[in-house]
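I opened a new notebook page for this chain.

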Amino acid sequence: MIQNKLREGERIDELQRNAYVIIQDPKRFCFGMDAVLLSGFAQVKQGETVLDLGTGTGILPILLEAKTEGKHFTGLEIQPESADMADRSVQLNHLESKIKIVTGDIKDASKIFGASSFDVITTNPPYMIGQHGLQNTDDAKTIARHEVLCTLDDILRESAKLLPPKGRFYMVHRPFRLSEIMCKMTAYGIEPKRMKLVHPYIDREPNMVLIEGLRGGKPRLKVEKPLIVYKEEGKYTDEIYEIYGY
């Protein structure tokens, strides 16, 4: 039964939550720690609906379904092969009534779903700006890492339309773009409300930032204590183990 869900080159990985698993293809793109940390940072309340923009393998909807009491989770993915993989993972975990994978373009998200249609939006978007030096802009890994098919503006513009007033927006990104992120969130009416920097080690500079925004919120930003990933080489901190569910 499980093998029937797999295509050539794919594998099944355990998620350490509710005995859930996920299908991945190393040749395309496998989820990383950033997605897991976002699933621990995002707050989904009982009965809320969630949209994950650029869902890839479907990792965020599956983890959020396991960790929260949200009512329903939708993943939007532009690459048909990735969307198919995510949909098969949903089926493999028997979550068809809780999670739906939709193939479509983030730039058209508000047309696909309609205005004010989700309580919460999550996204783990491409971090790198532009296409300088890229050889193959159709490659799945390139699309996941570089702003080839969508930009930060596309994500924030559509999120502002998809969220109702006081709807919440959660994103993981890179600190080197933090000034741009804050300015653009505010410009699109999604007020930054909570932020956490992620450091690989306690004495290293941060390499990730987790951000919560509130559509139509008033200016007031809470900067939470930093998240440290490793105590020492190869050994996570207790907080990371807790987020992963070990």
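**Entry 1: a charged residue**

Is Arg11 buried, partly exposed or exposed? I looked it up: Arg11 has a relative accessible area of 36%, so it is partly exposed. Its side chain meets that of Asp13 in a salt bridge, 2.9 Å from N to O. Asp13 comes out at 18% relative accessible area, and since buried means under 20%, Asp13 is buried.

**Entry 2: confidence**

I am working with a predicted model. The protein chain averages a pLDDT of 91, and 89% of the residues score at least 70. I marked residues 132–138, where pLDDT stays under 50. For that stretch the model has nine contacts beyond four places in sequence.

**Entry 3: strand β6**

I looked at both faces of β6, residues 120–123. Val120 and Thr122 lie on one side, Ile121 and Thr123 on the other, and all of them are buried. I then checked the strand's partners. β3 (residues 49–53) pairs with β6 in the parallel sense, over four bridges. There, Leu51 has Ile121 as its bridge partner. β7 (residues 168–173) also runs parallel to β6, joined by four bridges. Thr123 stands opposite Met171 of β7.

**Entry 4: helix α3**

I tested the length of α3, residues 80–92. Its 13 residues at 1.5 Å each should span 18 Å, and the end C-alpha atoms are 18 Å apart, so the two agree. Next I listed its buried residues: Ser82, Ala83, Met85, Ala86, Arg88, Ser89, Val90 and Leu92. Their cover includes β1 (11–14), β2 (21–24), α2 (59–67), β4 (72–77) and β5 (99–103). Just past the helix, His94 takes a positive phi of about 55°.

**Entry 5: salt bridges**

How many salt bridges does the structure hold? I get 18. I picked out Asp84 and Arg7, whose side chains meet at 3.2 Å, N to O. This pair links distant parts of the chain: Asp84 sits in α3 and Arg7 in the segment before β1, 77 residues apart. Asp84 has 29% relative accessibility, so it counts as partly exposed. Arg7, at 43%, is partly exposed too.

I also checked Lys196 and Glu224, which form a salt bridge of 3.5 Å, N to O. Lys196 belongs to β8 (residues 190–199), while Glu224 is in the loop between β10 (222–223) and β11 (227–228), 28 residues away. Both Lys196 and Glu224 are buried. One network came up as well: salt bridges with shared partners join Arg7, Glu10, Asp84 and Arg88.

**Entry 6: aromatic rings**

I counted six aromatic pairs. In one, the rings of Phe41 and Tyr170 have centres 6.1 Å apart and planes at 85°, so the pair is edge-to-face. Phe41 is in helix α1 (residues 33–41) and Tyr170 in strand β7, so this pair links parts of the chain 129 residues apart. Phe41 and Tyr170 are both buried.

Phe113 and Phe118 form another edge-to-face pair, with 5.2 Å between centres and 80° between planes. Phe113 has a relative accessible area of 22% and is therefore partly exposed. Phe118 is at 7%, so it counts as buried.

Last item: which residues form the aromatic cluster? I noted Tyr201, Tyr230, Tyr236, Tyr241 and Tyr244.

Terms used:
Residues numbered from 1 in each chain as written. Heavy atoms only, no water. pLDDT = per-residue confidence, 0-100. Contact = heavy atoms within 4.5 Å. Buried < 20%, exposed > 50% of the residue type's maximum accessible area, 1.4 Å probe, protein only. Helix = DSSP H or I, 4+ residues; strand = E, 2+ residues; numbered from the N terminus. Pairing = 2+ DSSP bridges. Expected span 1.5 Å × (residues − 1). Salt bridge = Lys/Arg side-chain N within 4 Å of Asp/Glu carboxyl O. Phe/Tyr/Trp six-rings, centres within 6.5 Å; stacked < 30°, edge-to-face > 60°.
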